[in-house]
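Subject: Structure for your review

Dear colleague,

Please find below the structure that I am handing over to you, together with its sequence.

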Amino acid sequence: MENQYIIKGGTPLKGEVTIGGAKNAALGILAAAIMTDETVTIENLPDVRDINVLLQAIEGIGATVQRINSHTVKINGSTIGNITIDYDSIRKIRASYYLLGALLGKYNKAQVALPGGCDIGSRPIDQHLKGFRALGATVTIEHGMINTFADSLVGNHIFLDVVSVGATINIMLASCMAEGRTVIENAAKEPHIVDVANFLNSMGADIKGAGTDKIRINGVSKLHSSEYSIIPDQIEAGTFMVAAATHGDVLIKNVIPKHLEAISVKLIEIGATVEEYDDAVRVSADHRLGHTQVKTLPYPGFPTDMQPQIATLLALSEGTSTVTESIFENRFKYVDELARMGASIKVEGNVAIIEGVEGFTGAAISAPDLRAGAALVVAGLVAEGYTTIDSIHFIERGYENFEGKITALGASMEKIPVDDERAVMKFKLKVG
Ligand code: EPZ
């Protein structure tokens, strides 16, 4: 049954929230875990839909997946009997293409369905394939499947034409057991790249330079078991930071403040208070914030995965702001939904021109994709009256117990079945 969120806006968020493990690191790490025949234990896994779907795909190729609890899993790749990932898995979660790099790196062959476009635009994977070819693999695309095989993979010097998180991770996976040395130039520098590299190194790989634009990988003959805890999710943390900056005072715990700097700096610039601790940030604002310009860029720039959330905040701030999306071509679909709540945003090409309004009013809206959906939740929390958000399966791809964490901060938000008038009435009676 499809669910929706119902929110009664207007209550400032106050209190503490604990951030879970990074989804986009976990996706690379789970794929990497199948590369040894020994058992790998992964902790601090977020319990979100994308992770659970990838775990099913991993089970689907015959690996043993043992869920110890909702945040810990043991994986054993010695039982893999199949090197094909079909379209059904890829359709549900694009990142199952990390199994292409992992299977190719381990067995010298893999067959994975070619992902199509997605909710945020066309998403080519030419750089992934260029990397595999540079390592000596033959790559063909037939009947919607990418087929790769190699007699042996040999390290090479690879220069990425675009900075790509996915290509950087996939090439690290494919090359860590290749013969000799691989160098990835113009590599992505996101925290999750570093986490995947650290995990592979904990399994015996020899990867240096992750977090810079030049990653050097010395091939090793095999990988071994490991126990590893995933880093905190930069984007879940950033989403709570922005929600707190609309009006509130929230201590966001279990974060790495360094990973949040691009977000912190923007929030401070427009007038919010951000205090950094060793593994927490506290964000508060008790007045209407100011305007600014934001442009999304690869890390350490402002993350595209925070673009809808910051635009929502700026839509409530004083004056005219601009938000430029330079990574994905179709990441402004939430603007029409925000307009229904009273926002004034005009999109011209890849720039959103935002005239701040004093407030939003609640409306029935729909989540167009994961991060846009989270931004609409932030909007609903501020809006006067009730907001319902449907298509929340997008939001559940990346936010664990979103409604629970938000309710614990004092706001009124519930997950209820779509088209259930009684549940709506019950919520309204409860929150008044
Ligand atoms: C990752 O996607 C994240 N997903 C995205 O998060 C995130 O928005 C994105 O990086 C940018 O930070 C995962 O980690 C699973 P890219 P990815 O390859 O790897 C172009 C979320 O909300 N490109 O860095 O697919 C591409 O079109 C998701 O959690 C090529 O041209 O992103 C884009 O313009 C959404 N050829 C740019 O590079 C290629 O071969 C960056 O994409 C690969 C990418």
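S391 sits in the loop that links strand 23 (386-390) with helix 13 (393-396). Please bear in mind that this is a predicted model. The relative accessible area of S391 is 18%, and because buried means under 20%, S391 counts as buried. Its backbone also deserves a remark: phi of S391 is near 55°, a positive value in a residue other than glycine. Leaving aside residues up to four places away in sequence, S391 touches E2, N3, S366 and A367.

Strand 1 (residues 3-8) is joined to strand 23 by four bridges, and the two run antiparallel. Within this pairing, K8 has Y386 of strand 23 as its bridge partner. Strand 22 (residues 364-366) is joined to strand 23 by three bridges, and here the strands run parallel. S366, which is one of the residues touched by S391, has D390 of strand 23 as its bridge partner. In general, the side chains of a regular strand alternate between the two faces of the sheet.

A further pairing concerns strand 20 (residues 344-348) and strand 21 (residues 351-355), which run antiparallel and are joined by five bridges. V347 has A352 of strand 21 as its bridge partner. How many residues lie between the two strands of this hairpin? There are two residues between strand 20 and strand 21, and G349 in the turn has a positive phi of about 60°.

P298 has a relative accessibility of 30% and so counts as partly exposed. Residues up to four places away in sequence not being counted, P298 touches V163, E190 and I327. P298 and S70 are 228 residues apart along the chain, and their C-alpha atoms are separated by 31 Å. P300 is also found in the loop between strand 18 and helix 10. The peptide bond leading from Y299 to P300 is cis, with omega near 10°.

Another loop, between strand 11 (181-185) and helix 7 (191-202), contains N186. Phi of N186 is near 60°, which is a positive value in a residue other than glycine. The relative accessible area of N186 is 23%, so N186 is partly exposed.

S229 belongs to strand 14 (residues 226-229). Is S229 buried or partly exposed? With a relative accessible area of 42%, S229 is partly exposed. S229 touches E43 and N44, when residues up to four places away in sequence are not counted. Between S229 and N401 there are 172 residues of separation in sequence, and 20 Å in space from C-alpha to C-alpha.

Finally, some values for the protein as a whole. The protein has 15 helices and 24 strands. A compact globule of 432 residues would have a radius of gyration near 22 Å, and the protein has 22 Å, so the value agrees with that expectation. Taken along the principal axes, the box filled by the C-alpha atoms is roughly 65 × 45 × 40 Å. Buried residues account for 57% of the 432 residues. Of the contacts between residues at least 6 apart in sequence, 72% join residues that are at least 24 apart.

As for the surface, the accessible area of the protein comes to about 16500 Å², and carbon and sulfur atoms hold 48% of that area. The protein carries 38 positive and 51 negative charges, and the mean positions of these two groups are 2 Å apart.

With kind regards

How values were computed: Residues are numbered from 1 along each chain as its sequence is written. This is a predicted model: local features need pLDDT of at least 70, side-chain atom pairs count only at pLDDT 80 or more; totals for chains, interfaces and linings use all residues. Side-chain values use heavy atoms; hydrogens and water are left out. The radius of gyration is taken over C-alpha atoms; the globule rule is 2.2 Å times the number of residues to the power 0.38. Buried means under 20% relative accessible area, exposed over 50%, partly exposed in between (1.4 Å probe, protein chains only). Contact means heavy atoms within 4.5 Å. Accessible areas come from the Shrake-Rupley method with a 1.4 Å probe; for residues, only the protein chains shown count as cover. Lys and Arg count as positive and Asp and Glu as negative; His and the chain ends are not counted. The place of a charge is taken as NZ of Lys, CZ of Arg, CG of Asp or CD of Glu. Two strands pair if DSSP finds at least two bridges between them.
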